Amino acid sequence: MKTRLVTDVPRLWGEVAAEVAAGRRFAGMFGTARPEGLLLSAHLAIPGGVAPLDTLLPAGAAGYPALTPRLGAAFWYEREIGDMFGVTPEGHPRPEPLVLPLPPGDARRPRPGQPGEPRVIEPDPRALPLHVIGPGLFTIPHGPVRSGVVESIEYLVETPGEEIPHLNMRVFYKHRGIEKRFEGMTPGDGVLLAERVEGPASVAHALAYCHALERIACLVVPWPAALVRALHAELERLACHLDVAVRLADAAGLAVATARFGWHKERVLRLVSQACGSRFGRGVVVPGGVSALPLTGPGELLAAIGRLDKAVSADIESLMGTASFLDRLRRTGPLSPERAREHGALGPVGKGSGFRDDARETRPYDAYSSLGLRPPATRGDGDALARLQVRVDEVAQSFRLLRQVTDELAEAPAGPLRDESGLRDGRAIGWAEAPQGEVLYDVRVAQGRIVRCRPRSASFHNLVLMHEVFAGDILTDFPFIEASFGLSIAGVAR
């Protein structure tokens, strides 16, 4: 999509708000440091693509009129812009740091897009305030180090006892300066970093990044390569959805179900490793196509997928027939359909609340336009159970797609696996549907090097909604709500 430059910030926000009111989805915003000032960019999801709208904040400006009062979905995006560039979104209801808290007076900022700035700055958690204070209220810190194999995040549960009037999240422990690390890399090397932005969605990030490069250079991905991409994307989806089942079963104390779904996830990861040499599917997706066909033959792949489908389906049926388990999820962590649509909630979080915008359907890429997704039924209850049911539906859909892709790979004619016409300078947006929802990459290349790469994960877009879903819930509901969101903190903090 062609970038449109708007004359000033108020006019840009007016256009964004008008587009959202007309039914477009707000897909994010970010900044880029330029010699002449700060370039503010907003993304709007439209049929068939993602449209960027830009405006320039003059050099030396200390702030700009905030978008958040007009569009609540910008809440975290504007706080992140403040962290990255040191500008204040004036009128923002809570402009405190999000991914990079620094002491008062510390002027250091990464300023992505501006050469020479530090790649990684250590966050200072002492710079963050508490929110709920008063007689009888106290704060329960949960994290950043917790039992089990979980990512580093600190939840500050501010409560008078059992109810949770406010949840504060400190996500910066996983901040790695990803956006600055992209700068100066060759486009070909950039895919290695894209795969490591968010480990559970390595394939989706590689796809979105490569789609951006392919749009810049007008590359055409060969059909066998498009099938291989879909194969690894659906295997990744299976592994992530099974991981959510593991965490929910563990929260409910179902030891057998926890072990069974953990084993199924392990079998999927081993199948991925046998197919490409990496349990995360890394090294497969490259600009213009894929690096190689699966090391596992189509017949062996089909047999393994069939065995997995049979075993997983049987255990899902048992789990979803366990009344005590379902009772813990029903009406837990509800997100209303109206709020999901207003925010543009992505992936299972949005689909579980009746809002569906799956990039494989609305903005199809690679082989998906020819596979026939047949979307599952919409779930509208918005609670932890609805989010799990969405994943159960998608597991069945992934198994069907995997069979179809493997059959078509067996019949695909031999030929090149990538378009090697060469990469070019320019800017484009790429997207892919990760297990957590839509991933976006806004990439700019100049003189054969990346000068700006902005990854936006579904985890970043969705996690802010966890602030809102605890109404009526108590402390023991916390692990169910967190697991049902199924997000990655690395994808938030970057």
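The largest pocket holds about 1300 Å³ of space. The model is predicted. Rolling a probe the size of a water molecule over the atoms shows where empty space is left.

Start at the centre of this pocket. Val-149, Val-150, Glu-151, Asp-243 and Arg-247 lie nearest to that point, among 50 lining residues. Several helices give two or more residues to the lining: H6 (223-251), H7 (255-276), H16 (478-485) and H17 (489-493). H6 gives the most, with 11 residues. By class, the lining of the largest pocket has 27 nonpolar, 10 polar and 13 charged residues.

Now move to the second largest pocket. About 320 Å³ of space lies there. Its lining has 18 residues, and nearest its centre are Gly-23, Arg-24, Arg-25, Phe-355 and Asp-357. Strands S2 (25-34) and S3 (37-46) each supply at least two lining residues, as does helix H10 (337-343). H10 has the largest share, 3 residues. The lining of the second largest pocket divides into 7 nonpolar, 4 polar and 7 charged residues.

After H2 comes Gly-86, with a positive phi near 75°.

Note on methods
Residues numbered from 1 in each chain as written. Predicted model: local features only at pLDDT ≥ 70, side-chain atom pairs only at ≥ 80, totals over all residues. Heavy atoms only, no water. Helix = DSSP H or I, 4+ residues; strand = E, 2+ residues; numbered from the N terminus. 1 Å grid on protein atoms, 1.4 Å probe; cavity = no way out; pocket = protein on both sides within 12 Å on 5 of 7 lines; lining within 4 Å. Points joined across faces, edges and corners; volume = space filled by probe spheres on them. Nonpolar A, V, L, I, M, F, W, Y, C, P; charged D, E, K, R; others polar.
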